[in-house]
Amino acid sequence: METASIPSPAITADFLPILGSDHIEFYVGNAKQAAHFYQSAFGFQPLAYCGPETGVREKASYAVGQGKIRLVFTTSLDPGSEMALQVSRHGDGVRSLSLWVEDAREAYIQTIARGAVSCFKPQMQKDDRGFIWKSGICLYGDTIHTFIERKNYQGSFLPGYRPWNPRFRAPEAGLEYVDHCVANVGWNQMNPWVGFYEKVMGFHNLISFDDKTITTEYSALMSKVMANGNGRIKFPINEPAQGKKKSQIEEYLEFYGGPGVQHIAMATPDIIRTVSGLRDRGVEFLVPPGYYYETLESRVGRIDEDLRAVRDLGILVDRDEEGYLLQIFTKPVQDRPTLFFEIIQRKGATSFGAGNFKALFEAIEQEQALRGNL
Ligand code: FE2
């Protein structure tokens, strides 16, 4: 495993205090249908809407929530807009990893002073429920970080949105919070983006995986996990590594048309119940290779969950010094083999399931081969 030489988080975290993940905004071809999919399949609840009916001419956005997770699906109403071009380039995908901050103007000033590229300057937005400040900096590809300051706002989501109360309500699936969001970047781009998170954001390198750790017979990748001062916001960054065949990261980069968000991990307190429910509603999960469960008990020891249910659902288990975790990965949630989701339950473990990497990547390669992309 690689060694990280990273400044202490206590020193570097001060200039950009992050209160939490605010929301994740997707640019999609059809926001109305995307929002319905995330409600019916993943159990998200309708929160707020903006579009022509609320005085917004150029786009329509639907915000949905579950636990602390908020997702926003936005589509352009102007075929010539930059937003429409991005959807044409990438397909549906994550545009903004939006962070909840105490002071969005200060977050902008501090990150720009440390070398961030501006996406948009601090701007105030208000309605009859108060006002917010927001600002944006560029990330890899067309992805951005938006800083949201909402201490003076009491509305349901953001100014300009109105509460959205459709008749349809899907039952929730038990998803509680975003555990981590992973980026795929191009060859030799992982370390520059690690440097960005260290220098510009004051994050630290929590853990590194080299291409010997994350490898199968055919392909390899490297990954470094970047975390903020309190360790709650985690952004792993992957880059492809040389293997016999095309890696899943290369497949992503080709079909997304560049770097972007690869997967979003959402935490549940009861993965058996959550995954059973999601599966019944049409969410498709990767199936681990047959040998995986033969050695599971000897590898991870005793767990609280019913092993038969774990195996039947295809859930992966890994243990570290602090406990264990259960995790499972969906197939891509759009036609391009790009973004997917992880469902994770942590029972003490703070790591990322390194013991599962081989089985997971073999499962991904099976799917890649079916697509003719291995
Ligand atoms: Fe993950």
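Analyst: Glutamine 327 and asparagine 356 are joined through their side chains by a polar contact of 2.9 Å. The model is a predicted one, in which local features need pLDDT of at least 70, side-chain atom pairs count only at pLDDT 80 or more, and totals for chains, interfaces and linings use all residues. Residues are numbered from 1 along each chain as its sequence is written, and side-chain values use heavy atoms, with hydrogens and water left out.

User: What makes the pairing of glutamine 327 with asparagine 356 a polar contact?

Analyst: The term requires a pair of N or O atoms within 3.5 Å; within protein, one must be able to donate a hydrogen and the other to accept it, and residues adjacent in sequence count only if both atoms are side-chain atoms. The 2.9 Å between these side chains lies within 3.5 Å, so the pair qualifies. The glutamine 327 side chain also makes a polar contact of 2.9 Å with the side chain of glutamate 342.

User: Why is glutamine 327 called buried?

Analyst: Its relative accessibility is 1%. Buried means under 20% relative accessible area, exposed over 50%, and partly exposed in between (1.4 Å probe, protein chains only); glutamine 327 therefore counts as buried. The residue belongs to strand 16, residues 323–329 (strands are DSSP runs of E, at least two residues, and helices runs of H or I, at least four, numbered from the N terminus). Beyond its neighbours within four places in sequence, glutamine 327 is in contact (heavy atoms within 4.5 Å) with residues including Ile271, Ile315, Phe352 and Asn356.

User: How do you know whether threonine 274 is buried or exposed?

Analyst: Threonine 274 has 1% relative accessibility, so it is classed as buried. This residue sits in helix 7, residues 271–280. Its side chain forms a polar contact of 2.7 Å with that of threonine 268. Apart from neighbours within four places in sequence, threonine 274 is in contact with Ala173, Gly174, Leu175, Thr268 and Ile343.

User: Which class does proline 289 fall into, and why?

Analyst: Proline 289 has a relative accessible area of 9%, and it is therefore buried. Its place is the loop between helix 7 and helix 8 (296–300). Neighbours within four places aside, proline 289 is in contact with Ala359 and Glu362.

User: Why is asparagine 188 counted as exposed?

Analyst: Asparagine 188 has a relative accessibility of 59%, which is over 50%, so it counts as exposed. It lies in the loop between strand 10 (177–184) and helix 5 (190–199).
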